[in-house]
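Visitor: I have this one open in the viewer and would like to go through it with you. Could you take me through the fold piece by piece?

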Amino acid sequence: MCHHPKPQRRLGRWSSSHPSHPNRHRSQHKLAPPPSCRCLLQSWLASRVVPRRRGTYLMPGAQRPINEKNIRLALTIFRACVFDLVKALWGLHPVRTSLMVVLHIIRAIFPAFRGYSQAMIVDELQTLVSSGCFSWSRFLRLLVAEIFRRAAETAIDTFATSNESIVQESAKFYVEYQQIAQRLCLDIPTLADPVIRDCLQESDLFVRSFNGMGSFGLLSPFDFIQVLGLISELASHLLVLLSLTGGSTNMGALLLSIISALFPLFMNRCGSTPSVPDSNYTTEEARTAERQERLRNLAYNDSHRPEVLLFGLGPWILQSWANARRTMMYHDRTSQTSQLTLPQLLNQINVSDLLFALQNVPLLLMFQSSSASLGSLALYRSSIQAVVFTFGNLLTTARMAFQSIFLMGAFCAAMNIHPELEPADEDVMSFPRLPCGMKMEARNLSYTYPGSKEAALKDVSFSLDAGETLAVVGCNGSGKSTLAKVILRIIDFDQGGLTVNGVDIRRLSPAEYHRHVTTVFQGFSKYNSTIRENVGLGYVQKLQSQSAVSRAVHLGGADSFVDILPNGLRTKLDASGYDTMPYTSNCGSNPGYGAPSRQHHGLSGGEWQRIAISRAFMRADRPEVGLLLFDEPTSSLDGHAQNKIFDTIEDISRSPSGKRTKTVIFITHRLSTARRADKIAMMEQGTITEFGTHEELMERGGSYAALYKASV
Ligand SMILES: Nc1ncnc2c1ncn2[C@@H]1O[C@H](COP(=O)(O)OP(=O)(O)OP(=O)(O)O)[C@@H](O)[C@H]1O
């Protein structure tokens with residue numbers, strides 16, 4: 001089980017607003033969710049509620065107990081989405097899928113046929129041994145029929161398997177595609193919601209279940225066909241048994257026999273504890289299980305290796321993992337032995353064995369009849385065993401199918417999550433581009449991170465004309481990066497307003513707005529990829545253009561080290577920063593060949609920063625880009641390199657005639673750089689306390705002046 005600190009149900013635009021975010025109600029009126037979606041989401045969430053524990057939910061992927069409440073919820077989910085999903089998947093290959101179902105049912109009755117045909121051969125052999133009236137022609141006919149039956153079975157199996165893999169692969173592609181497409185749409189505030197995270201996690205489990213039966217022990221929608229197949233198999237074995245024991249006189253004995261054969265199965269089912277103990281975990285135990293996993297990851301994950309070695313964390317990790325593991329082992333053991341139920345007791349004293357004799361009653365009756373033969377006796381025994389085995393499989397499969405309805409519900413609910421920052425269709429406005437950069441006006445912006453008590457932004461107000469340069473300065477934790485994220489529409493704000501080129505930023509589609517900005521984040525991304533890709537991703541349309549990437553690399557000052565690398569832009573970078581392999585190894589005289597997967601190169605902090613700046617420069621001079629925002633872009637660069645970068649930014653933000661065409665905002669701790677800006681915003685404790693030119697702020701003699709004097 002997991003504990004959500006505040007169960008929030010704002011799945012995108014569907015739900016009620018977060019209590020600590022008064023402005024979030026703004027999206028409520030926009031689009032009423034289809035009732036089936038709302039009902040689907042509520043049912044999925046309700047299936048995870050742990051009874052009598054407010055705010056506690058089952059861990060994502062945990063088994064839902066089969067009880068009346070969950071059966072009702074499963075039915076609701078089934079009605080809301082399963083039919084549509086199966087229809088969509090069926091539509092990918094209607095003929096092949098129909099064929100798959102038919103073949104599945106046909107293949108399910110093969111074992112019964114097999115048993116019957118083999119019994120007939122045994123009977124013929126028995127006739128050969130016991131009496132003289134043996135017919136070679138009949139025996140050969142049976143043998144040839146058996147060979148044909150087997151050949152046909154193999155041919156059908158081969159065709160069915162290849163047909164099934166085509167259907168499954170397309171279905172897997174379909175759901176994976178949907179899932180990735182949806183995932184890429186979701187913004188950070190949406191993904192911060194714990195309910196959405198759990199929903200996506202269960203949805204992911206569902207998608208992975210398409211890897212086949214062996215993957216996670218889950219069922220994909222097509223595997224519901226398994227249930228049909230097992231029912232047919234069971235029916236075929238029962239028919240064989242009926243035909244063997246024949247006549248209503250033996251019916252009672254047959255029923256008795258089947259019940260006694262199935263009795264151990266029932267005992268096992270009733271007496272056993274669930275195979276997945278997650279659903280029994282208390283919050284504390286769930287935390288311990290999570291801690292155990294985290295420590296295990298710490299031991300295995302190479303990216304932590306340097307610190308693990310340096311700080312000598314090995315023994316601590318091992319000890320802590322062992323403690324967590326022991327706690328979990330103790331829990332698993334006690335949960336298995338704590339309650340000895342009657343079925344468990346009966347199971348343990350093996351009552352079922354005592355009933356074994358009952359299975360043979362029809363055999364005795366058959367012996368008395370003239371129809372008894374060696375083949376029919378062997379067929380009887382194998383059919384009884386097949387009934388038990390198939391029935392057991394059917395129970396397991398039905399249980400898995402029951403669980404998979406909830407995962408399917410999570411998938412369908414996840415596909416309907418609306419990104420929180422995306423405006424409603426009727427509110428959305430197109431971005432009004434200005435030729436001289438981006439005009440911006442913030443009024444009383446406030447923002448508190450989810451789960452935080454203290455606001456990161458409080459009443460932030462400023463205005464910036466198109467083409468102006470703004471430096472944001474202030475101490476650590478004063479809210480500079482948070483303000484940058486709000487301006488970049490990575491996160492929303494709770495109160496206040498922000499207009500861009502005169503339009504409320506909330507009415508702009510984030511994807512559309514992002515086409516008009518470029519940035520270097522404080523914690524920029526480092527990709528385990530080539531330099532070309534690391535830079536080119538700044539403007540994917542030009543990723544393949546050698547000249548565009550080279551130009552950006554030059555503007556970012558990264559050419560100084562890229563040019564001397566043996567593979568230049570094709571050099572594969574190692575983002576972890578320590579696992580560097582020398583270029584000379586495996587390459588010989590031709591660095592283009594050898595073992596490419598081991599050719600990766602580490603970079604210094606400053607070099608990585610130049611790569612990130614180059615990435616931002618990939619699109620910085622595009623005419624549609626009106627805002628360049630840099631969050632401490634040169635923190636790892638030396639003074640000379642830093643000045644060069646700011647000169648480049650200055651050049652890019654002007655047209656050839658010298659007219660400003662871009663607005664520039666940069667966050668910096670170097671006040672000597674800040675003074676280059678047209679305006680400076682001094683941030684303290686989440687708010688802008690001073691705003692003006694360097695000269696104005698120095699004259700004022702406030703916090704900025706004090707900081708400036710201290711820094712120079
Ligand atoms: N993801 C987050 N969740 C909760 N609180 C956060 C998060 N990110 C930042 N904060 C908090 O918000 C406040 C402002 O952080 P922010 O990163 O904006 O500061 P900053 O001025 O950029 O600092 P620095 O100069 O160190 O980069 C800090 O108190 C910080 O602890």
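Visitor: In what order do the strands of the four-stranded open sheet run, and is the pairing parallel or antiparallel?
Guide: This is a predicted model, and in it the four strands follow the order β4-β3-β6-β7, with antiparallel pairing.

Visitor: Which strands stand at the edges there?
Guide: The edges are taken by β4 (457-464) and β7 (503-504); each has a single partner strand, so one side of each is left without a neighbour in the sheet.

Visitor: And how many bridges hold β6 and β7?
Guide: Strand β6, residues 495-500, pairs with β7 over two bridges in the antiparallel sense, and within that pairing Val500 stands opposite Val503 of β7.

Visitor: What does α17 lie across?
Guide: Helix α17 lies across β3 (440-447), β4 and β6, and its direction makes an angle of about 60 degrees with β4.

Visitor: Where do Asn444 and Arg489 sit?
Guide: Asn444 is part of strand β3, while Arg489 belongs to the loop between α17 and β6.

Visitor: Is Arg489 buried or exposed?
Guide: Arg489 counts as buried because it has 20 C-beta neighbours inside 10 Å. Asn444 has 15 such neighbours inside 10 Å and therefore counts as partly exposed.

Visitor: Switching to the ligand, which residues are around it?
Guide: The residues around the ligand are Tyr449, Ser452, Ala456, Gly474, Asn476, Gly477, Ser478, Gly479, Lys480, Ser481, Thr482 and Gln522. Sorted by class, this shell has two nonpolar, nine polar and one charged residues.

Visitor: Which helix gives the most to that shell?
Guide: That is α17, spanning residues 480-487, which gives three residues to the shell around the ligand.

Visitor: OK, the six-stranded sheet next. What is its strand order?
Guide: The order is β8-β11-β12-β5-β13-β14, forming an open sheet with mixed pairing. Its edge strands are β8 (517-520) and β14, each of which pairs on one side only, and the twist from one strand to the next averages 15 degrees.

Visitor: What holds β11 and β12 side by side?
Guide: Strand β11 (residues 627-631) and strand β12 (residues 663-667) run parallel and are joined by five bridges; Leu629, for example, has Ile665 in β12 as its bridge partner.

Visitor: And how does β5 join β13?
Guide: Strand β5, which covers residues 469-474, also runs parallel to β13 and is joined to it by five bridges, with Ala471 standing opposite Ile680 of β13.

Visitor: Then what about the other neighbour, β14?
Guide: There the sense is antiparallel: β13 and β14, the latter at residues 687-692, pair over five bridges, and Met682 stands opposite Glu690 in β14. The two strands form a hairpin with two residues between them, and Gln685 in the turn has a positive phi of about 45 degrees.

Visitor: Why is β13 described as largely enclosed?
Guide: Five of the six residues of β13 (residues 679-684) are buried, so the strand is largely enclosed by the rest of the structure.

Visitor: Zooming out, what does the domain assignment give?
Guide: The domain assignment lists domain 1 (71-415), domain 2 (425-516 + 624-712) and domain 3 (525-607). The contact between domain 1 and domain 2 takes four residues from domain 1 and five residues from domain 2, and on the domain 1 side these residues divide into three nonpolar, no polar and one charged.

Visitor: Last one: how many helices and strands has the protein?
Guide: The protein has 26 helices and 14 strands, and buried residues make up 33% of its 712 residues. Among contacts between residues at least 6 apart in sequence, 77% join residues at least 24 apart.

Key:
Residues numbered from 1 in each chain as written. Predicted model: local features only at pLDDT ≥ 70, side-chain atom pairs only at ≥ 80, totals over all residues. Near = placed C-beta within 6 Å. Nonpolar A, V, L, I, M, F, W, Y, C, P; charged D, E, K, R; others polar. Buried ≥ 20, exposed ≤ 12 C-beta atoms within 10 Å, placed from the backbone. Pairing = 2+ DSSP bridges. Domains from an automatic or database assignment. Contact = placed C-beta atoms within 7 Å. Axes fitted to C-alpha atoms, helices over the stretch in contact; angles between N-to-C directions.
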